[in-house]
Amino acid sequence: MCAAKQRIAMKSKFFALASLVLTMFCAASETSAADKVRFVTDFGYLGRHAYYFVALDKGYYRDANLDVDIVRGQGSADAVKQVAAGSAQIGFADTAALILSRANDQVPVKMVAVIYDKAPHAIFALKESGISKPKDLEGRSVADAAASSIPRMFPAYAKAAKIDAAKVKWTVVASDAIAATLALGRADAVGYYTISEALLKKAIGSKELVILTYADAGLDFYSNGIIADEKVIASNSDLVKRFVSATLHGLRDSIADPEAAAKILNKYHREIDVDVGTAEVKAVAGLVRKPVEKAGVIELPRMQRTVDIVAEAFTLKQPVKAEDVYVAGFAQ
């Protein structure tokens, strides 16, 4: 009888051990099965990207079974190219850059969620430069990164502001040298998003800043959003939806507590000052569709208006319709 009890006990221990091993194996398998996603920003690492790092730091991507690697881009056009080439599965880019890439190079990339419902495009100058209105840009030099969306949309801005775009000289500088270029007077003005006003103010010290925004000239269009390759959208729409959902979770958290979001970003990129990061997150909140629960949603009429603005400002090799550059349903 004792021997039988021993055999039963040993079997129980065996099954318990086997169950533990199986549980550990399943857990390991689930971890290894996380979908790897390489995400490229539109423009370096800045305070405006904080919500991606919030989603990463708080485990929102992990909870969505995503292993996300956030890499720096060199402008919206660069982000579109990287996604089209497959070096990144998902990216963040300006809608105008996406439309131009689609029309002129037939790039198979579409937007799946709009983050900047209002365009942040702007030209910044020092007050001492004598630039105070759009007309003052004629005969002057404006610096920006090669792949930035701001010079790409400048013809539309010039038309709306009734100035001669041909009389404005654009020069190329590295994305991380724009603030210094303005502060040191290496160009009369620079192209930058209104989001980065705090960063530029820190760079110029006590000097006074002048901001000429594209929105003030009457341009109303969708700006930056999350983009993905058409093949990824078609073959793995669930991955894209999970990424968008987790990112929007991080965005809502960031808007609710900008300073906390900036501190999280600073953990990953110490070069980004918390105060500047906080200001940029607050600026992003001003661009996002209200209420914030509707952030990310793309609507056909507004996207078509964006396409029309780009088409009026540029000669496109191929005609583009709104449906060619976005897919609805990924942001609910």
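Biologist: Let's start with Glu208: is it buried, partly exposed or exposed?

Modeller: Glu208 is partly exposed, with a relative accessible area of 48%. Keep in mind that this is a predicted model.

Biologist: OK. Which residue does Glu208 form a salt bridge with?

Modeller: With Lys127; the closest N and O atoms of the two are 3.8 Å apart.

Biologist: And where in the chain do Glu208 and Lys127 sit?

Modeller: Glu208 is in the loop between α8 (197–204) and β9, while Lys127 is in the loop between β5 and β6. They are 81 residues apart, so this pair links distant parts of the chain.

Biologist: Why would two side chains pair like that at all?

Modeller: Side chains with opposite charges can pair when their charged atoms come close.

Biologist: How many salt bridges turn up in the whole structure?

Modeller: A search of the whole structure gives 22. One of them joins the side chains of Lys36 and Asp67, at 2.8 Å from N to O. Lys36 belongs to strand β1 (residues 35–40) and Asp67 to strand β2 (residues 66–71), so the pair ties together parts that are 31 residues apart in sequence.

Biologist: What about Asp117, which residue does its side chain meet in a salt bridge?

Modeller: That would be Arg302, at 3.1 Å from N to O. The two are 185 residues apart: Asp117 is in the loop between β4 (109–114) and β5, and Arg302 is in helix α13 (residues 300–313). Asp117 is partly exposed at 21% relative accessible area, whereas Arg302 counts as buried at 12%.

Biologist: Which residues are joined with them into one network?

Modeller: Asp220 and Arg305 join Asp117 and Arg302 there, through salt bridges that share partners.

Biologist: New topic, the sheet. What's the strand order?

Modeller: It's an open sheet of 5 strands, in the order β7-β6-β8-β5-β9, with mixed pairing. β7 (169–172) and β9 stand at the edges with a single partner strand each, so one side of each has no neighbour in the sheet. From one strand to the next, the twist averages 35°.

Biologist: And β5, how does it pair with β8 and β9?

Modeller: β5 runs antiparallel to β8 (residues 189–193), joined by 5 bridges. With β9 (residues 209–213) the pairing is also antiparallel, again over 5 bridges. For example, Phe124 stands opposite Val190 in β8, and Ala122 has Thr213 in β9 as its bridge partner.

Biologist: How many residues of β5 are buried?

Modeller: 6 of the 6, residues 121–126, so the strand is largely enclosed by the rest of the structure. His121, Ile123 and Ala125 are buried on one side, and Ala122, Phe124 and Leu126 on the other.

Biologist: Which helix lies across β5?

Modeller: Helix α6 (residues 149–161) does, running at about 95° to β5. α6 also lies across β6 (141–144), β7, β8 and β9.

Biologist: Last one: how many residues of helix α4 are buried?

Modeller: 7 of its 10, so to speak "mostly covered" for residues 76–85. Among them are Ser76, Asp78 and Gln82. After α4 comes Gly86, with a positive phi near 85°.

Terms used:
Residues are numbered from 1 along each chain as its sequence is written. This is a predicted model: local features need pLDDT of at least 70, side-chain atom pairs count only at pLDDT 80 or more; totals for chains, interfaces and linings use all residues. Side-chain values use heavy atoms; hydrogens and water are left out. Buried means under 20% relative accessible area, exposed over 50%, partly exposed in between (1.4 Å probe, protein chains only). Helices (H or I, at least four residues) and strands (E, at least two) are DSSP runs, numbered from the N terminus. Two strands pair if DSSP finds at least two bridges between them. Axes are lines fitted to C-alpha atoms, for helices over the stretch in contact, and angles run from 0 to 180 degrees between N-to-C directions. Contact means heavy atoms within 4.5 Å. A salt bridge is a side-chain nitrogen of Lys or Arg within 4 Å of a carboxyl oxygen of Asp or Glu.
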